[in-house]
Amino acid sequence: MKIYNLAGWALLLVYALACMYFAPPEIGPWLGLAIGAAYAVVCWFIGGVYLSCVIHMGIAHRALDYKDWFIKTITVVNNTFGVYVNPVSWVNRHRLHHKFSDHPGDPNKLAADGFWRTLYLCLMPYKATTNMADDEIFKSWSFRLVSNPVFSVAAQVFNFALLWLLVRDLRFAAVIWLGFRAFALWINMIQNYWTHDRRFGYRRYADEHDNAMNIGEWLPVTATFSACLQNNHHHSPGFLRLSHEEWEYDLGFATVRVMKALGLVRATNKGAMLPKDVPLTAVGL
Ligand SMILES: [Zn+2]
């Protein structure tokens with residue numbers, strides 16, 4: 001088993017066992033496990049749609065055009081109740097990451113940065129050299145609210161307190177809250193480390209200017225909503241999907257198709273343009 005899969009499954013197993021072990025007697029291990037699983041699934045799903053489908057492909061790359069109210073709602077909901085990710089600084093860092101991929105100026109990781117250095121950078125990235133996030137939507141009250149540093153602290157205190165109130169046990173609440181955030185850090189490391197090191201994954205495109213790789217196994221693709229197909233994505237960053245062949249498992253794109261059926265999103269002209277060297281016969285949206 002690949003090291004990143006082993007790490008991901010091990011984290012999930014430890015999380016499940018910790019939920020069972022630390023559940024207070026009035027909840028018991030099985031209900032404790034069910035509560036931990038429900039918390040993880042809800043946070044993962046909302047977080048994945050928010051960051052991977054909406055902020056990444058909708059805003060940072062403008063490949064998808066979402067309804068304004070939907071963007072703002074999911075941004076406020078995720079950052080109030082789920083794992084906090086500042087949308088404005090994330091978009092800025094992400095655009096710098098594409099511009100300088102693995103070279104000085106990339107806030108996520110330089111080519112020589114190892115595992116522990118990149119892990120530290122997930123929490124304390126390199127300083128952004130320029131501002132590439134001047135989108136109109138960032139001036140709206142909902143984005144100004146969630147990107148405020150006071151909000152980032154208050155929301156995390158609030159959603160921890162809410163969880164504590166629900167399970168009525170401080171230690172159990174802390175295990176769930178911190179345990180899921182450890183898994184979220186693994187998701188971040190799939191993106192920033194394992195898909196940016198040529199020893200892992202596969203390369204469809206021999207782009208020499210970066211180290212972006214495709215990781216296509218079930219757990220990383222599911223956890224990241226397909227954002228780990230990095231070699232495909234860095235080759236055609238404006239294209240609305242990250243899978244470039246029909247056999248590549250693509251949960252993120254499947255979710256976008258459901259959102260399109262619900263009338264929440266449509267392709268932009270840029271996003272719907274099928275790049276010439278992509279082996280797909282149709283965009284599929
Ligand atoms: Zn991107």
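What pattern does the protein follow, read along the sequence? The pattern is α-α-β-α-α-α-α-α-α-α-α-α-β, which comes to eleven helices and two strands. Helices here are DSSP runs of H or I with at least four residues, strands are runs of E with at least two, and both are numbered from the N terminus.

Some housekeeping. This is a predicted model, in which local features need pLDDT of at least 70 and side-chain atom pairs count only at pLDDT 80 or more, while totals for chains, interfaces and linings use all residues. Residues are numbered from 1 along each chain as its sequence is written, and side-chain values use heavy atoms, with hydrogens and water left out.

Overall dimensions next. The C-alpha atoms fill a box of roughly 60 × 45 × 40 Å along the principal axes. Of the 285 residues, 51% are buried, meaning under 20% relative accessible area with a 1.4 Å probe, protein chains only; exposed is over 50%, and partly exposed lies in between. Taking contacts as heavy atoms within 4.5 Å, residues 24 or more positions apart account for 70% of those with a separation of 6 or more.

Now helix H1, residues 3-22. H1 has 20 residues and reaches 28 Å from its first C-alpha to its last, close to the 28 Å expected; the expected span is 1.5 Å times one less than the number of residues. Its buried residues are Tyr-4, Asn-5, Gly-8, Tyr-15, Ala-18, Cys-19 and Met-20. What covers them includes H2, helix H8 (170-192) and helix H9 (218-224).

H2 brings me to the histidine. His-56 sits in helix H2, residues 29-60. Is His-56 buried or exposed? His-56 is buried, because its relative accessible area is 3%. Its side chain makes a polar contact of 2.9 Å with the side chain of His-94, and another polar contact of 2.9 Å joins the side chains of His-56 and His-233. A polar contact is a pair of N or O atoms within 3.5 Å; within protein, one must be able to donate a hydrogen and the other to accept it, and residues adjacent in sequence count only if both atoms are side-chain atoms. Leaving aside residues up to four places away in sequence, His-56 touches Leu-51, His-61, Trp-90, His-94, His-98 and His-233.

That is where I will stop.
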